[in-house]
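Today I am opening my notebook on chain contacts and domain contacts. Here is the model I have on screen.

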Amino acid sequence: MKKLIGLLALCAFFFLITFIHVAINRSGRNVSRLQRSVEIKEARNQYLELEILRLSGPQIVIPYAKEHLGLIESEPHKIVVLGKQER
Amino acid sequence: MIRYPYSSRNVFDMKKRMYVLMKLALLCPIIIIGRLFYIQTFRHEEYSSKAERTIYDYLAQDRLRGKILDVNGRILAESVRTHSCGISKRYVKDKDKTIAFLAETLEMPAEQIKKKWQKAPKFFFVAKKIKPDTYMKLANIMRTSLGQGLELTPEYERLHPYGSSALDIIGASNSKNKGLSGVEQMFNEELSQDISRKRAKRVRGGDIIYDRNLKEKTKIANVYLTIDEVAQYHAEQALAKAVEDLQPEHAIALVQEPKTGNIIAAASYPVKDGQSLAFQFTYEPGSTFKTIAVASAIDAGVITPETSIDMDGRNWHLGPGVTIRDKQHNKDALTVPEVMQLSSNIGAGKIALMLGPKKLFSYIKSFGFGTKTDVNFNGESRGSVPSYNAWTKVDNATKGYGYGIAITPVQLISAYSAIANDGVLMEPHLIDRIEYPNGKIDKKAKPVQIRRVLSKNTADAMKKILQSVVEEGSGKRARITGYQVAGKTGTAEKLNQEGGYAKRKHVASFCGFVPVSDPQFTILIVLDNPAKYSFGGTAAAPIFKQIAQPLLALKGVAPDKEIP
């Protein structure tokens, strides 16, 4: 009977260890999933920031302004620059 | 009566049954433990190296890469983490369903995936550089039966927010974040860092763990170019229009600040990753080189701007079988400014002879021709300046108007900048600074004087002569209202395969600076072999104006000339 109890105790001990391992692995997976999700969101954010840069770049803005807003580039001698010394 | 080997009492003896069961139960773990002991003890090295290799192979993707920015901090190139999607054919459970799902998610025709499937024996990539949203969709089905056989491999995409702008300078890097050409390759060590081994750490017990939170400990730098993206845009636009109109084989527009040597725009056509023609293209400059010969002769005291050069009836017999003709004027003698205004080959040739081969060679070298610049761009050419010992009289004279010599655009623009900068040759720069994450800044574009090439008086005289070329001579189309512009046109015939000069193949160019009173920009335009025959004055000079005007406006450069 003592051996049986010992065997049961051993089984319970191994079960506990296995359970702890499973729990650790599960939370590890969750952490990993969250980290991956953060990485993906960071990458998406980076894409969006670069897209903003692209859209605000001269390649897009100048032709758009000329076509839709009637931008006329002024000749340089017609521009008066104020406070150039301070700049 | 049948007799059983065990009595009924024995058969149902609980104690014995438990004993047998225990033995059976222990047998399995003993076998497993024995196997583990064997693997751990005798095959430890083999398996651990296999595991490490797998981990490091995966982590090898983790090569971070810094940004490349323009002088004002606009991002020109940045790496974004992305993924590629592949298929291991034998693990796919339902081929049609998987292909249909991928076609819908990746927004590509199913037929295309099917074709790849048929061609590939075991594995193939369906798509590369997958955007984050698409990645999420794919990652979510990885553990379902639909996702069986799919593989998502991490990689990097190098994004250029301004498209192909300055791409010939920036260069390319691969999906593993390694620089392949241009600045990407030149500064690969500073820009990138392989952090896979840093991230993979061995913990107590021998396991390898992967730590993603090491970003702040990296030492990748950001590289700032001297290029100004807005100036680059204007240079590229002007060049694109010229390419459309004249269809040259190659075209170059280069803008430099004469006082610092900083290159603020460098546009090439055709655009190839990391192949900037500003540094790699070599050509015979033709008449734009007359400026060098004339400036050298004035500086050496051989001539003055008032010196009159006899034109020999506009047919100068230089040697046996060599006659130089000036068809563009009908004057018997020209002053030095007139030689430049009318771009007289006879005048420039005679001035070169008056200076002599040794002195001319010395000045040419002093201006930096025949030597690589300190920009040290990948594949930069040094050009070719043959030693004066081997020059004949004809060689001496032809050097005066830019033949028998090969130069690069960056050498010529630096020489013109030296004249604009009162005779001092500055070191050209393409890299403004390198910023490290610890705050350290390695300033590269400090104005460095290489040497004084001309006296200030000579430089002043040359400025006036070059200004007269634009106001009264061949460079009239470079004139800008309100600004004094100085420059020289060039139309050089190209060598043909037989060794002579081809009449229909030529290089049209213009190099100048503005405003003359306080030069802010030196601009060089080179059009190599335009399909429509054109001259430096008619084709290249207007491009100079198109680039200079917006730059003067952007930088707020005050006019230095009375406006009529």
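Predicted model: local features only at pLDDT ≥ 70, side-chain atom pairs only at ≥ 80, totals over all residues.

How many residues of chain B are in contact with chain A, and with how many residues there? I found 31 residues of chain B in contact with 23 residues of chain A, where contact puts the C-beta atoms, placed from the backbone, within 7 Å.

Residues are numbered from 1 along each chain as its sequence is written, and chains are lettered from A in the order in which they are written.

Next I looked up which elements of chain B touch chain A. At least two residues each come from α2 (14-42), β3 (75-88), α6 (132-140), α11 (229-246) and α20 (536-555) of chain B; helices (H or I, at least four residues) and strands (E, at least two) are DSSP runs, numbered from the N terminus. β3(B) gives the most, with five residues. By class, I read 19 nonpolar, seven polar and five charged residues on this side of chain B (Ala, Val, Leu, Ile, Met, Phe, Trp, Tyr, Cys and Pro count as nonpolar, Asp, Glu, Lys and Arg as charged, the others, Gly among them, as polar).

Then I turned to the domains of chain B. The assignment, automatic or from a database, gives domain 1 (65-193 + 210-225) and domain 2 (229-429 + 447-555). Their C-alpha centres lie 45 Å apart. Their contact takes 17 residues from domain 1 of chain B and 13 residues from domain 2 of chain B. On the domain 1 side, α7 (167-170) and α8 (182-186) of chain B give two or more residues each, and α8(B) has the largest share, four residues.

Technical notes: Contact = placed C-beta atoms within 7 Å.
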